[in-house]
Amino acid sequence: MNAALAVSIDDARWRRHVRGTQALVRRAARAALDGGGRAGEIRYALADDAFLRELNRDFRGLDKPTNVLAFPDETPGARGDVALAFETCAAEARAQGKSLDAHLAHLVVHGTLHLLGWDHETIPEALAMEARERRTLRRLRLPDPYRARKVRA
């Protein structure tokens, strides 16, 4: 898969709290793209809750921040955009007992898979997407992001 990856760190806290932020985003994205079809540019914006809240409100009608949003782009030469919110991602990582690095990598994989057409609207889709995320993160030697949830279920 030949993809151009652009990483914009719009909130400096990403750099302060995640060592090698851009390299981690690129590594996770490339792992998710492995065998992922057509080439094209993907833009990653590491932003804050205010930015994701605005996007979520404008594009999904939900006036609240969220961890990650993915916007496919059918323009020739493009794959789409993935945006992540620092405060939400950091709070989730803390609440789930994960490192922010591992959580960021997981959400980059998750958002990238959305650009490849994966979704989790139905239970079978969610299970298939989770399995793909687990395989990808295992190749990156990162922990299973769903393990803790499964133990509690």
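Tutor: We take the sheet, then the helices. This is a predicted model, where local features need pLDDT of at least 70, side-chain atom pairs count only at pLDDT 80 or more, and totals for chains, interfaces and linings use all residues. Residues are numbered from 1 along each chain as its sequence is written, and side-chain values use heavy atoms, leaving out hydrogens and water.

Student: What is the order of the strands in the open sheet?

Tutor: Strands of a sheet pair through backbone hydrogen bonds, parallel or antiparallel. Here the order is β1-β2-β4-β3, with mixed pairing. Strands (E, at least two residues) and helices (H or I, at least four) are DSSP runs, numbered from the N terminus. Two strands pair if DSSP finds at least two bridges between them. β1 (5-9) and β3 (68-72) each have a single partner strand, so one side of each lacks a neighbour in the sheet. The twist averages 15° from one strand to the next.

Student: In which sense do β3 and β4 pair?

Tutor: Antiparallel, over five bridges; β4 spans residues 78-85. P72 stands opposite G80 in β4.

Student: Which strands does helix α5 touch?

Tutor: Contact means heavy atoms within 4.5 Å. α5 (residues 100-115) touches β2, β3 and β4, and its direction makes about 145° with that of β4. Axes are lines fitted to C-alpha atoms, for helices over the stretch in contact; angles run from 0 to 180 degrees between N-to-C directions.

Student: How many residues of α5 are buried?

Tutor: Buried means under 20% relative accessible area (1.4 Å probe, protein chains only). In α5, 14 of 16 residues are buried. G117 follows α5, with a positive phi near 100°.

Methods: Buried means under 20% relative accessible area, exposed over 50%, partly exposed in between (1.4 Å probe, protein chains only).
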